[in-house]
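Student: I am new to this structure and would like to work through it slowly, one question at a time. Could we look at it together?

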Amino acid sequence: NQAEKKGYPHFMLKEIMEQPEILKISSKISSEEIKKLAKLIKDSEKVYFIGMGTSYHACIYAEYLFSKLGKLVIACDASEFLNKGVVDEKTLVIALTQSGETYDTLKAMRYAKERGAKVGAIVNILGSTATREADITVLMGAGLEIAVCATKTFTSQLMIIYRLFIEFGKLLNKDMAVYERAIEKIPKYVKEVLNKKDYIERVTKDLKVNNYIFISRGINIVSALEGALKFKEITYLHAEGMSAGMLKHGTISLIDERMDTIAIVPPKNSRVFNSIISNIEEVKARNGKVIAITPVEIETADYNIITPNVIEEISPIIYAPAYQLLAYYKAVQLNRDVDKPRGLAKSVTVE
Ligand code: AGP
């Protein structure tokens, strides 16, 4: 009811706006478990992060982060884990699941366990099936999420993974001080992006086509994939997310005035910053509209949703509210059932 929505028209908007507070909680919760899980990552030969939908995108974030410390971890669509996972006693499987009830994720966890692997779970709901079956559970502390569309649980998953990365780095005796310091500023940066909500709403009024592509490079591939998922899930408009590098290998042929591009521009210090700028120019040269979610104004873009310029490692957390709001306002304009999009359930408990 309205009261639970605290005056917001939809749970989704309420949950988007709650993120600065939730991220403060996620930045402190489950410290002992995160340390234990980091140790397990260090001691395991093979490490998989598995999940579905939004949770799978969080797995990709882990893949990029850990690579920075020279650790190969593999992000795997949980529904395909039985088809390609290589599992033995030296394997660690970390399941990401907000609800702790997703059928495909639970099935993959059980498969891993039967083969002697250790199983960890990063979960939001205490007492859910995943928390009962995992060897070690890390709670996210995102609070109840009612909208089907995952928002605050996603950024909270990213926060937990980021902390796992810090603890893992410390176990390797790396200097993680810069990363640790960045944690405290995350809620403030997220708030700065939320403050752009009126501008973002205005931008959505000019999104008039039926096809959208979300692109980025580097760790923000996560943002491109998640941005597209949010958008299609609640607007029912076609959206695809991919690396900007992939554009030239097929999709660019689709770009014209009937396909808009949302470009998620990495922070300025990123080594992929310049390449995304040239990708934006390529899109413009084909008459495609470009909405940039970016730390600096991109002259060639039609719209610039300006974000704080942060270290690349935390940028996927900071960019999330921008594309969440973009999807939200577009869906509202189209009169969609924002909190309960057709054909979707909050947790998918069947195959
Ligand atoms: C995201 O907005 C979706 N609702 C969906 O992709 C979701 O993330 C997926 O079903 C996984 O759910 P889980 O985290 O509860 O396992």
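Student: Leaving aside its neighbours within four places in sequence, which residues is Ile 161 in contact with?
Tutor: This is a predicted model, and a contact here requires C-beta atoms that lie within 7 Å of each other. Once the neighbours of Ile 161 within four places in sequence are set aside, the residues in contact with it are Ala 58, Tyr 61, Ala 62 and Leu 65.

Student: Which element gives the largest share of the largest nonpolar core?
Tutor: The largest nonpolar core has 117 residues, and Ile 161 is listed with Ile 50, Val 93, Ala 95, Ala 263 and Ala 292 as having the most contacts inside it. Twelve residues, the largest share of this core, come from H14.

Student: How many of the residues of H14 are buried?
Tutor: Helix H14 covers residues 315-333, and its reach of 28 Å from first C-alpha to last is close to the 27 Å expected at 1.5 Å a residue. The helix is mostly covered, and of its 19 residues the number buried is 17.

Student: Which helix gives the most to the shell around the ligand?
Tutor: The ligand is surrounded by 15 residues, with Gly 53 and Thr 54 among the closest. By class, this shell has five nonpolar, nine polar and one charged residues. With three residues, the helix that gives the most to it is H4.

Student: Why is the protein chain described as being as compact as a globular protein of its length?
Tutor: The chain has 14 helices and ten strands. The globule rule gives 20 Å for 351 residues, and the chain is as compact as a globular protein of that length because its radius of gyration is close to that value, at 19 Å.

Key
Residues numbered from 1 in each chain as written. Predicted model: local features only at pLDDT ≥ 70, side-chain atom pairs only at ≥ 80, totals over all residues. Near = placed C-beta within 6 Å. Helix = DSSP H or I, 4+ residues; strand = E, 2+ residues; numbered from the N terminus. Nonpolar A, V, L, I, M, F, W, Y, C, P; charged D, E, K, R; others polar. Expected span 1.5 Å × (residues − 1). Buried ≥ 20, exposed ≤ 12 C-beta atoms within 10 Å, placed from the backbone. Core = buried A, V, L, I, M, F, W, Y, C linked by C-beta atoms within 7 Å. Contact = placed C-beta atoms within 7 Å. Rg over C-alpha atoms; globule rule 2.2 N^0.38 Å.
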